[in-house]
Amino acid sequence: MAVDPSTPVPDTTATRLVAEHAYMELRDRIVTLHLPPGTVLREDELMGELSIGRTPLREAVKRLALENLVDVQPRRGTFVSAVEAADIVNITEVRAELEGYAAELAALRLDPEGHATAEQLLHEVEKHSRPDDQDWLMRFDERIHRFIWEAARNPHLSQTLERYFTHSLRIWYMVLDRVPALGHAVHDQTQLLEAVLDRNGPHARTIMHEHVLAFQREILAAFSRT
């Protein structure tokens, strides 16, 4: 039986905790293409793999559906959503503005804890970067973005960016074998962290905005090579 996220589920603390774990696990599988686009989500299989009950699984799938990571088709089932080239442009239009705004806020609102974190990240990228290691660069890029969201100190902005970043990351995994080395990202990250540490909000915004647009250009180029 395919997952049916339309069935009401009881809202208990225990259910929410298990559902959160299931949501994170399924989201990670979708993003990393362990569950590629078009995959049917089957309740019995997922309940066994995740060692959870039907109720928290359905709650997790509801969240994934709301975030457009799964597609519910009545009388057919629930599928991992497809990715279209148009998605890249639409997502990037939103991300470029919001990520840039978050970077500006991060620079203007940087507190001592954030300052220490930025210095630590800057030291790491300067001393320990591996420009030929795509996986390391992807994960480090994600750490930079999450630092910026936290430093911006706007939970609503963070939640929105989390959603769009998840979609961008999935698209990146789809073309990872067809994109050039990500060494340029290290340069972007160094400049961004320096701007944040200097509390130069407009400069941080410009760097992040261009960083996201560069992502779009590389992804679109990779899709054209399919």
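The paragraphs below go through this predicted model from its overall layout to single residues.

Being a predicted model, it is described with thresholds: local features need pLDDT of at least 70 and side-chain atom pairs count only at pLDDT 80 or more, while totals for chains, interfaces and linings use all residues. Residues are numbered from 1 along each chain as its sequence is written, and side-chain values use heavy atoms, with hydrogens and water left out.

The protein chain holds nine helices and two strands. Here helices (H or I, at least four residues) and strands (E, at least two) are DSSP runs, numbered from the N terminus. Read from the N terminus on, the order of the elements is α-α-α-β-β-α-α-α-α-α-α. Of the 226 residues in the protein chain, 48% are buried. Buried stands for under 20% relative accessible area, exposed for over 50% and partly exposed for the range in between, with a 1.4 Å probe and protein chains only. Among contacts (heavy atoms within 4.5 Å) in the protein chain with a separation of 6 or more, 79% join residues 24 or more positions apart.

Helix α2 (residues 43-50) packs on helix α3 (residues 54-66) at an angle of about 105°, and their axes are 10 Å apart. The axes are lines fitted to C-alpha atoms, for helices over the stretch in contact, and angles run from 0 to 180 degrees between N-to-C directions. The angle therefore makes α2 roughly perpendicular to α3; that class covers 65 to 115 degrees, whereas under 35 is roughly parallel, over 145 roughly antiparallel and the rest oblique. On the α2 side the contact involves E43, D44, L46, M47 and L50, which meet R54, L57 and R58 in α3. By class, these contact residues are four nonpolar, no polar and four charged. Nonpolar covers Ala, Val, Leu, Ile, Met, Phe, Trp, Tyr, Cys and Pro, charged covers Asp, Glu, Lys and Arg, and the others, Gly among them, are polar.

The two strands come next. Strand β1 (residues 70-73) pairs with β2 in the antiparallel sense over four bridges; strands pair if DSSP finds at least two bridges between them. V70 has V80 in β2 as its bridge partner, and Q73 stands opposite G77 in β2. In a regular strand the side chains alternate between the two faces of the sheet. Both faces of β2 are covered, with G77 and F79 buried on one side and T78 and V80 buried on the other. The two strands form a hairpin with three residues between them, and R75 in the turn has a positive phi of about 70°. R75 counts as exposed because its relative accessibility is 85%.

Most residues other than glycine have a negative phi, and most peptide bonds are trans. R153 also has a positive phi, of about 55°, although it is not a glycine. R153 lies in the loop between α6 and α7 and is partly exposed at 48% relative accessibility.

S81 is buried because its relative accessible area is 10%. Apart from neighbours within four places in sequence, S81 is in contact with P37, N68, L69, V70, D71 and R170.

In soluble globular proteins, nonpolar side chains tend to be buried together. A nonpolar core here is a set of buried Ala, Val, Leu, Ile, Met, Phe, Trp, Tyr and Cys residues joined through side-chain atoms within 4.5 Å. The largest such core has 46 residues, of which F147, I148, L192 and I219 touch the most other members. At least two residues of this core come from each of α4 (85-108), α5 (112-128), α6 (134-152), α7 (155-174), α8 (183-197) and α9 (201-224). The most come from α6, which gives ten residues. Not counting residues up to four places away in sequence, F147 touches L110, G114, T117, A118, L121, L193 and V196. A second, separate core has 17 residues, including I52, V61, L69 and V70.

A107, in helix α4, counts as buried because its relative accessibility is 0%. The C-alpha atoms of A107 and P202 are separated by 8.7 Å, although the two residues are 95 apart along the chain. Beyond four places in sequence, A107 is in contact with A195, V196, R199, N200, G201 and A204.
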